[in-house]
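I opened a notebook for a structure I had not looked at before. The entries below follow the order in which I looked things up.

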Amino acid sequence: MPIFKPFRGIRPHQDYLDVFPTHPLDNFTQEEINRKAQEDFSYVQMIKPYVVSKSKDIDRNLRKIRTNFEELLEDKKLIQDASSYYLYEQIKPDKTVFRGLLGLVSVEDFWDGKIKRHESTIPQKKEKLAQYLDKVGLQAEPVLLTYPANSKVELLMNHEEKNVPLLNYYDSRGIRHKVWKIDNRLKMQQFKEVLEQIDSFYIADGHHRIGSTALNARNHKEKNKKHKGTEPYNYIFSFIVSNQSIKIHDYNRVVKDRNGLSSEEILAKLEQCFDIHVKGEEPYYPSQKFHISMYMDGLFYSLHVKHSLRNPEISKDNLDHHLLDKYILRDILGIENTDSSEQIRYVKGNSSVEGILKMKAEVDLHEGQIGFGVYPVSFNEMLKISDNRISMPPKCTYIEPKLITALVMYDMK
């Protein structure tokens, strides 16, 4: 079973709870980030040397972030708790509830396959994040891990929820965030014992973050002749939730050009691997697995993968995103490196036609020339993909909950 251990969480003082945390920065434009960096005692202001500075001395900028963090801690604007687990709950405006536990998992368990992944990562992005962790030494957003529901874990969380939460606030999107600190020794032991019954954790969201933390740990291990495996850099800040507390949505694609092909030529080439059904101007959300939505020249098409190409077993040829990459993006549109090509834009969905409408809007606004909508991967399918060590292309699953940054943090120093 993988390790899941308590830690000394760092959180904003109650007086700064409304200003310090933020949604992940990839949700914002640079202009919005610049504005947030001006907000006193905010997380974005703390990391301003990295996200706003014009200086090209990256290491110096990162060291300044560490100094900013330590000053906030010394001034009691940030508080460090005793070693604890944390129960964390999100309540969305539509009353959807996501609930789980904050703690630390081990990079050793990640390397040993006890923490299983389903998506490949982009090396350059992973290296950049590892450099950040090396200099700043702070994990501000947990990796989202999941597991099949365990009734004993749910029972302990139900009991803990009867207490007054440590943190309780609404963010700018109307999402309520509640955090309970679990530092009683008996309670911590109870959680530890039931969590030890879980065979594996599965990465739901945060493949690059967990990969960069593991890379940073490996770099430190190579430099540290007295490495024991218990150093703070060996642990990954994580939020573990059961399958009852995640939703897996579609992650769609917009391609910037057609590889010099006309619409007629693209449709002719598609006929080799797909049965094509014209849907017209009505937005089409894929109705099931092996059905792909395509938007081109103001029309929607349903592309049904031919039965001869469908593999009933869990393999790459069983995955819609891989089939899209292989038979359309590579073979027809000429995109060799689909994992990191600037020809592809990614559009988040929510398991409804809304994601398709966003994709359509990008094409209509000439952000791309063709859009593709893909049916979401199921929870059980994601587990089988991970168990069989099949690597899906990046950004195949858009998974909720989306976590707030800097509500609780882990100091690696």
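This is a predicted model: local features need pLDDT of at least 70, side-chain atom pairs count only at pLDDT 80 or more; totals for chains, interfaces and linings use all residues.

**Entry 1: helix α8**

I asked what covers the buried residues of α8. The helix spans residues 185–195, and Met188, Phe191, Val194 and Leu195 are buried in it. They cover an arc of only 135° around the axis, which puts them on the same side of α8. I noted the general rule beside this: an α-helix has 3.6 residues a turn, so residues three or four places apart point the same way. Arg185 and Leu186, on the other side of α8, are exposed. As for the cover, I found that it includes two strands listed as β3 (85–91) and β4 (97–106), the helix α7 (151–160), and the strands β9 (176–182) and β11 (235–242). I then looked at the N-terminal end of α8, which is capped by asparagine 184. A side-chain oxygen of asparagine 184 lies 3.0 Å from the backbone nitrogen of leucine 186.

**Entry 2: strand β7**

Next I looked up β7, residues 143–147. I counted 5 of the 5 residues as buried, so the strand is largely enclosed by the rest of the structure. Which residues point which way from β7? Val143, Leu145 and Tyr147 point one way, Leu144 and Thr146 the other, and all are buried. This goes with the general rule that in a regular strand the side chains alternate between the two faces of the sheet.

I then looked up the pairing of β7. With β11 the pairing is parallel, over 5 bridges. With strand β10 (residues 201–205) it is antiparallel, over 3 bridges.

**Entry 3: the nonpolar cores**

I asked which residues touch the most other members of the largest nonpolar core. That core has 64 residues, and the answer is Leu101 and Phe201. β11 supplies the largest share of this core, 6 residues. There is also a second, separate core of 25 residues, which includes Leu261, Ile292, Tyr301 and Ile328.

I went back to phenylalanine 201 and listed its contacts, leaving aside its neighbours within four places in sequence. They are Pro2, Ile3, Phe4, Val105, Lys114, Ile115, Lys116, Leu145, Thr146, Tyr147 and Ile240.

**Entry 4: the open sheet**

I then turned to an open sheet of 6 strands. Its order is β14-β16-β15-β18-β13-β17, and the pairing is antiparallel. At the edges stand β14 (274–280) and β17 (344–348), each with a single partner strand, so one side of each is left without a neighbour in the sheet. From one strand to the next the twist averages 25°.

Strand β15 (residues 291–296) and strand β18 (residues 370–374) pair in the antiparallel sense over 5 bridges. Methionine 294 has phenylalanine 372 as its bridge partner in β18.

Which strands does helix α10 lie across? For α10 (residues 263–270) I noted β14, β15, β16 (299–305) and β18, with the helix running at about 170° to β15. Helix α11 (residues 320–330) lies across β13 (251–255), β14, β15, β16, β17 and β18, and runs at about 155° to β18.

Helix α9 covers residues 207–223, and asparagine 216 lies in it. Asparagine 216 counts as buried, at 2% relative accessibility. Leaving aside neighbours within four places in sequence, I found it in contact with Ala130, Leu133, Asp134, Tyr233 and Met412.

Serine 212 is also in helix α9. Serine 212 is buried, with a relative accessible area of 2%. A polar atom of its side chain lies 2.9 Å from the backbone oxygen of arginine 209. Not counting residues up to four places away in sequence, serine 212 touches Lys126, Leu129, Ala130 and Leu133.

**Entry 5: glycine 9**

Last, I looked up glycine 9. Is it buried or exposed? It is buried, with a relative accessible area of 0%. Glycine 9 lies in the segment before β1 (10–12). Not counting residues up to four places away in sequence, glycine 9 touches Ile79, Gln80, Asp81, Tyr86, Val408 and Met409.

Definitions and conventions:
Residues are numbered from 1 along each chain as its sequence is written. Side-chain values use heavy atoms; hydrogens and water are left out. Buried means under 20% relative accessible area, exposed over 50%, partly exposed in between (1.4 Å probe, protein chains only). Helices (H or I, at least four residues) and strands (E, at least two) are DSSP runs, numbered from the N terminus. The arc is that of the directions from the helix axis to the C-beta atoms. Contact means heavy atoms within 4.5 Å. A polar contact is a pair of N or O atoms within 3.5 Å; within protein, one must be able to donate a hydrogen and the other to accept it, and residues adjacent in sequence count only if both atoms are side-chain atoms. Two strands pair if DSSP finds at least two bridges between them. Axes are lines fitted to C-alpha atoms, for helices over the stretch in contact, and angles run from 0 to 180 degrees between N-to-C directions. A nonpolar core is a set of buried Ala, Val, Leu, Ile, Met, Phe, Trp, Tyr and Cys residues joined through side-chain atoms within 4.5 Å.
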